[in-house]
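Thanks for coming, everyone. Please bring up the model on your screens, and we will walk through it together.

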Amino acid sequence: MVSFDAAQPGTPEETWAADTRLTDRSPLPLDGIDQLLVVAAHPDDETLGAGGLIVECARRGYPVTVVIVTDGAAAPEAGDTAACRAAELRNALAVLAPAARLHQLGIPDGRTREERDRVRERLAPVIGETPTTTLVAAPWRGDGHRDHRVVGEVVAALTDERMLIEYPIWMWHWATPSSPDVPWDSMCSLAIDLTAKSAAIDNYRSQTAGDSPMLRADTLDHFRRDREYFIVNHKPVERDALPARYFDNAYSRRADPWGFENRWYEQRKRDVTVASLPDRRYHRALEIGCSIGVLTDALADRSDELLAIDVSQAAVDQARERLGMRAQVERVDVVESFPTGRFDLIVLSEVGYYFSPVGLARVLDAIEAGLTPGGTLIACHWRHPVADYPLSGDEVHETIRSRGLPLLVSHREADFVLEVFSTDNRSVARREGLVE
């Protein structure tokens, strides 16, 4: 599980420095831009992740704007935390770029997922007023930390033609150079003025000083390098979700348009899906995109209560006839109206690629909020390209994995990928008490 406690040891800087890929990254291109906009989730992220970039752009005479989304008040230092962090932020920017414009959006720390729409509303005019020649730097969406991911996703959806780069912060702590999540192929580097950046970091005394600092000296070693690293060309193209009429048209042509009832491929994949569930039984389960209810029928055998939903009324009608009283089947557009309550099992099978990237992010936000402690999310998707679909199956699973939920099962074939996530990261044998 990804650790977000910088007070605990992570990967030492020596481990990163020993990898030659850190020294042979292509230089970050700064030609063709004439402004810099840095968006940070918390006060100090802008300095840790992009302080050297801010200094470099200010010295080139580019106007610099810095946006801090949250107030940083969830940090445990004593006193008026938000006011303390705001003062430290202003002092740090006075070192990095004294003429920089500063916007503090004041979203509560740790609440970006719940306040996503408000984050977007407040960021949109700030980004929208910049020319397309602006370089936008935002938190890396794969960083694992919820606030970083949400802010990165919102910024990516708003940047349009502007060049977007993303800075990792927590990656240096929880990953290693050999981790498959490290995006080496799209990473560039920038030589920086380390003296100025270090002086700016030192202004965040609430995070770096005291007997138990939030940012330990060995954690700060990752940010006291003479280079900064950015992920470039990582912005997804926003594609529209498939509308409900797409599925209604499919069911009007054939009652079972995907061959759930007849194809051995579907039966086998369904068996693998059900066999991958880590618990024998679930109290309250949710199936998103139930179609005509064939998988729903198998899930009902493992659930005390099962809510199955689909966007197509034609599919819902068939599923209700199939399931009878064994499950509650409803027509729901899950992007617009996620079911209320908590679930200890949520199934996302062959539906995630129908959403737009923003829609998928919204659904995953709701899934995380809707899982009970120790609850299970199982996702399964076709891997071959389909021209109509906004996303690929692999893109859906990359997005889910970026959330940092513990991964219990990863099953990959040429045709489909199936993964099981749970905040209870014990194996089935440990859950059964067979091993300690």
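Let's start with a helix. Some ground rules now. This is a predicted model, where local features need pLDDT of at least 70, side-chain atom pairs count only at pLDDT 80 or more, and totals for chains, interfaces and linings use all residues. Residues are numbered from 1 along each chain as its sequence is written, and side-chain values use heavy atoms, with hydrogens and water left out.

A few terms. Helices (H or I, at least four residues) and strands (E, at least two) are DSSP runs, numbered from the N terminus. Angles run from 0 to 180 degrees between N-to-C directions, and axes are lines fitted to C-alpha atoms, for helices over the stretch in contact.

Two strands pair if DSSP finds at least two bridges between them.

Strands β7 (residues 187-191) and β8 (residues 227-232) pair in the antiparallel sense, over 5 bridges. Find Met187: Ile231 in β8 stands opposite.

Back to α3, which has helix partners too. One is helix α7 (residues 194-201). The α3 and α7 axes are 8 Å apart, at an angle of about 170 degrees. That makes α3 roughly antiparallel to α7, a label used for angles over 145 degrees. Who meets whom? Ala92, Val95 and Leu96 in α3 meet Ala196, Lys197, Ala199 and Ala200 in α7; contact means heavy atoms within 4.5 Å. This contact has 6 nonpolar residues, no polar ones and 1 charged. For the classes, Ala, Val, Leu, Ile, Met, Phe, Trp, Tyr, Cys and Pro count as nonpolar, Asp, Glu, Lys and Arg as charged, and the others, Gly among them, as polar.

The other partner is α2. Here α2 and α3 pack at about 35 degrees, with axes 9 Å apart. From α2 come Glu46, Thr47, Gly51, Ile54, Val55 and Ala58, and they meet Leu89, Ala92 and Leu96 in α3. By class, that contact has 6 nonpolar, 2 polar and 1 charged residues.

On to another sheet. It is open, with 7 strands in the order β11-β10-β9-β12-β13-β15-β14, and its pairing is mixed. Why is one side of β11 (328-331) and of β14 (407-412) left without a neighbour in the sheet? Both stand at the edges, each with a single partner strand, so one side of each has no neighbour there. The twist averages 15 degrees from one strand to the next.

Inside this sheet, β9 and strand β12 (residues 343-349) run parallel, joined by 4 bridges. Ala285 stands opposite Leu345 in β12. Helix α13 (residues 313-323) packs on the sheet and touches β10 and β11; its direction makes about 170 degrees with that of β11.

Now the spaces. On a 1 Å grid over the protein atoms alone, a cavity is a set of points where a 1.4 Å probe fits but cannot get out, and a pocket is an open set with protein on both sides within 12 Å along at least five of seven lines; lining residues have an atom within 4 Å of a point. Grid points are joined across faces, edges and corners, and a volume is the space filled by probe spheres set on the points.

The second largest pocket has a volume of about 840 Å³. Its lining counts 42 residues, with Phe247, Gly289, Glu350, Val351 and Tyr354 nearest the centre. Which element gives the most to this lining? That is α11, with 5 residues. The lining splits into 26 nonpolar, 6 polar and 10 charged residues.

There are also 2 cavities of 30 Å³ or more. The largest cavity holds about 80 Å³ of space. Its lining includes Leu48, Trp172, Lys197 and His222. Strand β8 gives the most to that lining, with 3 residues.

The second largest cavity holds about 30 Å³. Leu364, Ile367, Glu368, Leu377, Ile400, Arg403 and Leu405 line that cavity. Here α14 gives the most, with 3 residues. The classes are 5 nonpolar, no polar and 2 charged.

Technical notes:
Parallel < 35°, antiparallel > 145°, perpendicular 65-115°, else oblique.
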